[in-house]
Amino acid sequence: MPTPDLSRRGFRNPDAAAAHLADLGQADDGLIEQVASVASPDTALTSLAAIARSMGAAALHAALADPALRERLLVVLGTSEAMGDFLARHPEFVAELGTDRLDLRRRSAERLRADLAEATTAEHLRVLYYRQLLCTIARDLNAYSTFAETSAELSDLAVATLDAALAIARAEEPGAGEQVRLAVIALGKTGGRELNYISDVDVIFVHEPADGVDPQKALQVATRLASATMRICGEHTAEGTIWEVDANLRPEGNQGPLTRTLASHVAYYERWATTWEFQALLKARFAAGDADLGRAYLEAVQPMVWEASTRANFVADTRSMRRRVLDHIPAAHRERQLKLGSGGLRDVEFAVQLLQLVHGRADETLRSPTTLDALEALTRGGYVGRRDGAALEEAYEFLRTLEHRIQLFRLQRSHIVPDDAEDLRRLGRSMGYRINPAKNLESEWQSHRRVVRRLHEKIFYRPLLEAVAALPAEGLRLSPEAAEQRLVALGFRDPRGALAHLESLTSGVSRRAAILRSLLPAMLAWFSEAPDPDAGLLAFRSISEALGESPWYLRKLRDEGEGAEQLATLLSSSRYVSELMQRNPDAVALLGDADELVPRDFERIHTEMALAARRHAADARAAVRAIRRIRRRELARVSIADVLGELDIVAVGHALSDLNAATLSAALSAAIRAVADERGEVPTRLAVVLMGRLGGRESGYGSDADVMFVHEPLPGADEKAAATAATAVATKLRDMLQAAGDDPPLEVDAELRPEGKNGPLVRTFASYAAYYAKWSAVWEAQALLRAAPVIGDPDLCERFRALIDPMRYPDGGLSEAEVREIRRIKARVESERLPRGASPTTHLKLGRGGLADVEWTVQLLQMRHGHEVERLRTTDTLDALHAAVAAGLLSTDDAAMLEEAWRLVSRIRNGVVLMRNKPAESMVEQAAERAGLAHLLGYRQDEGERMVDDYLRITRQARSVIERVFWGE
C-alpha cells in the first residue's frame, strides 16, 4: 500500500509500516483497516510482522482467518508492545485467542492454580504465567470482562504463581515439607483481589515447625523456602521477570526476620504494631502453602484490625500515613501521579480503609478487603451518600483502568501519566477516545481527580452533618454512636460536644445555616488536620454566632476558600489567636488577603491610636480603651500571620515591639491630658525609655513592657509638684494599660529603674545622671544596652541617650575586674534564679544554650568592644551578633550556632503562648502540647520528640560556644 495512504489511516511511521506489510506478504484492506483502528497502529503492525517472521506468514494468515482471533489479537498488540514481544517468542500461543479457545469469562482461581502447577522451573513458570496473562489481557481489552473481574483474575493469577513458585522452591529443598509448615499471606492489592497488571506483590510469611523439629532449624528452612519463592518470582531470565515479591509489610519491616511463627506474629501485633500495620492487615488473605496455617493466622490477627481505631495514637498514625505518602512523591511527578498524588487512587483507598477501620468494628458488613466492595457496603450502610459513593466508584474505576493501560504497553510498573503527546494519544485511544484522544483523556482524568479530591473530604464529614441537621439524606443516616466514632477517629476528644456544635451551626432555614451546611464538610477536614479540632469547632461556632448574618462574613466563607481554610487552621492551632478573634470577630476580615496580614509599622499604628484617643479627649479611660482596641486588632494581625507561617521570629519581634511602643506613646499622651484635667497643667516634660526585649525590638507574645520613666521640670516649675505630676502620669498610664477588660492588657514593668522597686517610679534627668555617676553597677550598664529612649519628649529622649552611651559602651572597654563581675553575676543567675525543679537543659530563658546564655554573650562583646566598633552599638541581639562577626570578634560558625539557638528558643517561647495563651518557662512536656507546639513550629504533629531532640542538640551546640566566648574556657 502506498505510504500516503498509510499516513492518512493513522500510521505515524508510514515507511516502517509499509516494510512490515511487506513482511506479512498478503495483507488485505480489511486487515489494514483493523490495524489502523487500534490504540497504536504502528505498534500493532510491528508486533504482527515479528510474529509472522517467527511462525511464518502463511501460518499467521491462517490463524487470522478466524475473525474473533484477529480482532482480539490486534487489540492486544495495539495496546501492549510487551505482549507482542512475548507472542513473537511464543507464536504457538496466538491460538489461545481463537473462537473456541479463549474463555469469555474469568478463569477460576482453582483452574489457574492447576494450570500453573505444571511449572517445574522458574523459566517454565514465566511462560505459563504470560500465557495466562495473555488471555486476561485479551478479555479485558475486548470488553469480555469488567475492571473488577480483570483485577480479581490478576490477583488470583498472582496467588497461583506464588503457589507454583513455592512448589518449585520445595523441590529445590528436599525434605522441607517434613521439617516445617509454611503459609504465604497476601496483602495489599493481591490480598484485596484488585491487583494491577504490574505491581509488587505484598506478602507475609508464617511458619510452624513440624512435630519434633528444632524451632531454629525450622526457621532456617522456612527462610530458605520464602527467599526462594521471592527469587523465583522476581529474578530476570530470558523470559523476563514476573513481578517482585515484597515482604516489607512484615513485623519490623526489612529489619525483622523474613518469616515468623504464628505465636511470634501475634505477640508482635499485640504489643508493637502501629496503626498502618493493622491497616495493611485489612486486606490479608491466604495465598499459598499450608492452608490450615494460613487460616489460623487470619483468625488470630484479623480481630485486632477492628480494634485499631480505639488505639490512643490512631488519629496521629492515620495522619502521618497520608503525609508520608505525599512526602515520597518526587516534585517532578506530583501533578502526573495517578496513584499517590492529590485526587489519586490512594486518596480513594485511604478514605475507604479509614471508614472501614472506624465503622467496621461495629458493622461486620464493612469488612471486605476489596475497595469497590467495601465502598458499596459503606454506601449501602449509609456511611457514604449514594451519589457520592457512585461518583467515587466511577472515578476509581476510571483511574484504575487508566493505570492498567499505562502499565500494559511495556508491562512495566508505572503510576505516572505521561505528558508525551504520542503516548497520550495511544492511551486515549485504548480508553475509547477516538476524537482528540489525548486532549479528551487529559480532560477526563483531571475531572475525576477533582471529584476524588472533593469526595475525599466530603464522605467523612457530610454524613456527620446529616446526623444532626435537617438535610436531605442520600441514604441511611449515621447513628449518633457511629457519628461519635467517626469524630473520635478524626481527632475530636469530645464527640458529643462536637455534634452539638454542628447541630447549632446547621439547624434552621437561615442563609447562614445553608451556607455553613455546604461549607462545614471542608471546615471539619481542616479542623481535623490541626492539633485541637474541638477548640477550633467551638471557636468557629462562637464567631459564627457573633457575626450572625453579616454579609461580608458569609461571603468570605463561601467565596474565599483560602480565608475559610485559614480560619479553621487558626482556630484549631492557636488558643491565643482564637481568643483574640472571639473577642473581636471582625478580625476574620483579615483572612484570605496577603496584604492585610502585613504588620503595620510604628508610625502608622501610632497615628491611628492618637486620632482614636483624641476623639475621647474628655475621658482618658475611654481614650485608652480605644487605643487598646487597636492594639488588639494589630495583635490579631501579627499572630495570624505568624501562625500561618508568613513571619519569621525577627519580624514578629519587630512588629510586637513597634505595636507596644505605639501603645505606650499614645497612652502617655492620654495620661498627660487626664492628669492635666485633674490637677492642672503638668509642669514637667516626660519620656519613656524602652528596656529589655521591648527596647531590643524583640518582644514576644508573653513579654511585659519593660520601661523606665524620666522627667524634667519645666523652667520655673516647682520640683516637688513636677515630681508628683510625673508620678501621677506614670501611675495612670500603667493602671489604664493593665486594667482588666476585653482587650489584652499591656503589663508595664518599671523594675529595671535605679534601685528597682525601692527607688522612685519616676526620676528627673538630673537624678539619673547623679545616680549613674555615683552608684551605677556594671549590671546596670549591661541592662542599658537594651535601653531605647524613644517615647515622649524628643529632646529629653536624645539627652538621655547621650547620658547612657558612655556607660554601656565604656571608653576602652571593660576592665578585667568588670568582666569577672559580669561572669560572677551570670553564675549567680544560673544557680539562684533557675526555678526549683526546673531542668537546666530545658529552661528556655536560663537553661544551657537558652536566651540568657546567648544574650549575655553578645552583650559582653558589646561592652568590651562597642566603643571602637560602631555597629555593635545596637539594642538588637542579632544585629550585634552579625556586627561581631564583621569585626572579627566571633567566627561565622560560632555566630551561626548562637543565632540558631536564639531563633529556635524565641520561636518556642512564642509558640507556647500562641498554642495555649499562657507562657511557659521550660519546654512543654505533655505529648499533646508537644504535638501542638511542633505543629506551630513547622514540624508534623507526630514529630514532637524530634522537635525536642532538635532543641537539645541546638542549645547544646550553642552552650559549647558560650563556654569558650563568654566564660573563656
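Reader: Hi! Which residues of α34 are buried?

Author: Hello! The buried residues of α34 are A722, A725, A726, A728, V729, A730, K732, L733, M736 and L737. Buried means under 20% relative accessible area, exposed means over 50%, and partly exposed is in between, using a 1.4 Å probe and protein chains only. Helices are DSSP runs of H or I with at least four residues, strands are runs of E with at least two, and both are numbered from the N terminus.

Reader: Thanks! What kind of model is this?

Author: This is a predicted model, where local features need pLDDT of at least 70, side-chain atom pairs count only at pLDDT 80 or more, and totals for chains, interfaces and linings use all residues. Residues are numbered from 1 along each chain as its sequence is written, and side-chain values use heavy atoms, with hydrogens and water left out.

Reader: Back to α34, what do its buried residues pack against?

Author: They pack against α31, α32, β6 (684-690), β7 (705-713), β8 (748-749) and β9 (762-764). Contact here means heavy atoms within 4.5 Å.

Reader: And how far apart are the end C-alpha atoms of α34?

Author: They are 28 Å apart, which agrees with the 28 Å that the 20 residues of α34 (residues 719-738) should span at 1.5 Å a residue. The expected span is 1.5 Å times one less than the number of residues.

Reader: New topic! In the largest nonpolar core, which residues touch the most other members?

Author: Of its 219 residues, those are F540 and M581. Helix α32 (residues 649-679) gives the most to this core, with 15 residues. A nonpolar core is a set of buried Ala, Val, Leu, Ile, Met, Phe, Trp, Tyr and Cys residues joined through side-chain atoms within 4.5 Å.

Reader: What is M581 in contact with?

Author: Leaving aside neighbours within four places in sequence, M581 is in contact with I543, L567, L570, L571, A587, V588, L591 and I640. Apart from this core lies another, of 87 residues, among them A122, V221, A247 and L258.

Reader: One more: is P251 buried or exposed?

Author: P251 counts as buried because its relative accessibility is 0%. P251 is found in the loop between β3 (245-246) and β4 (259-261). Leaving aside neighbours within four places in sequence, P251 is in contact with G256, R260, H265, Y268, Y269 and E277.

Reader: And where is E855 found?

Author: E855 is in helix α39 (residues 851-865), and E855 counts as buried at 9% relative accessibility. Among its contacts beyond four places in sequence are R693, R786 and W902.
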